[in-house]
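Hello,

Here is the structure I said I would pass on. My notes on it follow below.

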Amino acid sequence: MYRIGDEEIKAVERVIRSRQLFRFSENASEVKNFEMELAEKIGTKYSLAVTGGTGALICALVGIGAGPGDEVIVPAYTFMATALAILAVGAIPVIAEIDDSLTIDPEDVEKKISKYTKAIIPVNMLGLPSNMDKIMEIAKRYNLKVIEDCCQADGGSYKGKRLGSIGDAGAFSFNYFKIITAGEGGALVTNDETIYERALIYHDGGTAFRAHSGALKTPIFVGSQLRSNEIAGAILREQLKKLDDILKDLRRVKKAFMGCFEGEKNIKFIRSNDIEGDCGTTVGFLFDSEAEARKFAASEGVNGTVLVDSKKHVYFDWEPIMNKRGSHHPALDPFKLPQNKDLNMNYSIDMCPKTTDILSRTVVVGMNPDWTEADIMARAEACIKAVKYS
Ligand SMILES: Cc1ncc(COP(=O)(O)O)c(C=O)c1O
């Protein structure tokens with residue numbers, strides 16, 4: 001989906017010629033500038049580039065102080081990494097249903113809140129915005145933190161605000177499959193100084209001796225190593241310049257594609273919490289039965305995926321979590337920690353029937369920002385034919 005070319009080649013050349021590959025070198029500026037440009041685009045005070053979306057989620061969780069004794073609510077439909085990040089900080093993921101927008105169901109979130117709940121992580125899957133008004137209202141009522149997982153929604157928005165700028169922190173991924181990419185990469189955004197400082201310390205275990213650490217208000221604690229580098233920073237600066245044009249084209253293609261189905265009474269699309277803010281990367285068709293969905297997805301020219309088949313994106317395929325293997329070492333395993341013994345870790349394959357039902361009846365078709373009118377028509381015609389003859 002991403003667009004990459006001469007601009008990125010020149011940017012990489014610039015870094016290699018400078019011989020400044022380390023982001024904290026005295027004369028290095030690529031990662032620092034990328035962070036400033038990303039924060040400006042998303043509309044937050046702070047941004048921190050890291051090695052990936054999982055790292056950004058971990059930094060956000062460290063930022064809000066999540067750990068043993070805490071439950072964090074995640075949707076049953078998300079890439080497993082969202083839940084793994086929670087375990088990485090010693091907390092327990094509590095799994096909530098999604099609704100027909102394919103994002104977390106606010107009603108079920110409220111049902112899953114307990115005295116141990118620390119935070120909610122709404123995930124903007126497939127570039128689709130979550131119901132942020134409702135989630136923020138619930139979070140406020142129960143005094144919970146909100147971390148937006150925007151790893152599949154770089155640059156998307158909700159009611160005019162960029163995703164990632166609405167909750168306490170946002171996490172982005174720039175891995176190979178994302179809207180913009182450096183092969184791997186990620187970033188945290190936040191308006192909260194403490195979250196930023198804690199994330200900064202955690203992402204660079206050796207931060208104590210860096211020049212910037214003198215100004216930190218947060219005492220240094222032990223962290224890890226999730227730093228970005230100048231080559232990734234230089235590529236991502238070029239990628240960021242392209243982001244809004246890609247989104248514009250994706251949204252144009254999606255609108256034109258969906259427009260082809262006007263008057264087709266047998267076609268139902270998934271509900272959107274904000275179609276204007278949707279990244280436009282996919283179109284979701286909702287069927288009455290799994291059999292209809294499967295027949296449609298397999299029809300010639302449709303090239304669709306029945307979402308229940310999307311492996312590590314569906315809770316019952318999160319194998320290490322379903323089997324409660326939460327760490328490399330038993331003494332560090334959040335599922336075995338005494339602080340977590342009363343927490344909700346009752347996972348089972350049939351625990352989210354609403355999610356399983358919706359995902360088994362939903363087929364997504366990927367959009368391409370470079371499709372011509374003829375490409376759009378051809379794919380839409382194949383889909384209309386598939387519905388008529390299925
Ligand atoms: C929803 C979601 N969250 C988190 C991640 C993790 O991102 P990364 O692979 O950059 O660590 C991904 C990556 O695919 C994702 O799709």
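**The ligand shell**

The shell around the ligand is made up of 4 nonpolar, 9 polar and 1 charged residues (Ala, Val, Leu, Ile, Met, Phe, Trp, Tyr, Cys and Pro count as nonpolar, Asp, Glu, Lys and Arg as charged, and the others, Gly among them, as polar). In total, 14 residues surround the ligand, a residue being near a molecule if its C-beta atom, placed from the backbone, lies within 6 Å of it. The closest are G52, G53, T54, C151 and S173.

Please note that this is a predicted model: local features need pLDDT of at least 70, side-chain atom pairs count only at pLDDT 80 or more, and totals for chains, interfaces and linings use all residues. Residues are numbered from 1 along each chain as its sequence is written.

Two helices, α3 (53-64) and α4 (81-88), each supply at least two residues of the shell. Helices (H or I, at least four residues) and strands (E, at least two) are DSSP runs, numbered from the N terminus.

**Helix packing**

α3 and α4 pack at an angle of about 45°, with their axes 9 Å apart. That angle makes α3 oblique to α4 (under 35 degrees counts as roughly parallel, over 145 as roughly antiparallel, 65 to 115 as roughly perpendicular and the rest as oblique). Axes are lines fitted to C-alpha atoms, for helices over the stretch in contact, and angles run from 0 to 180 degrees between N-to-C directions.

From α3, the contact with α4 involves G53, T54, L57, I58 and L61; from α4, it involves A81, T82, L84, A85, I86 and A88. Two residues are in contact if their C-beta atoms, placed from the backbone, lie within 7 Å. This contact has 8 nonpolar, 3 polar and no charged residues.

α3 also meets helix α7 (residues 193-203): their axes come within 8 Å and cross at roughly 125°. α3 is therefore oblique to α7 as well. Here G55, C59, A60, V62, G63 and I64 of α3 face I195, R198, A199, Y202 and H203 of α7 in the contact, which divides into 7 nonpolar, 3 polar and 1 charged residues.

**The sheet**

There is an open sheet of 3 strands in the order β10-β12-β11, with antiparallel pairing. Two strands pair if DSSP finds at least two bridges between them. β10 (282-286) and β11 (305-306) are the edge strands, each pairing on one side only. β11 is joined to β12 (residues 362-366) by 2 bridges, and V306 stands opposite V363 in β12.

Regards
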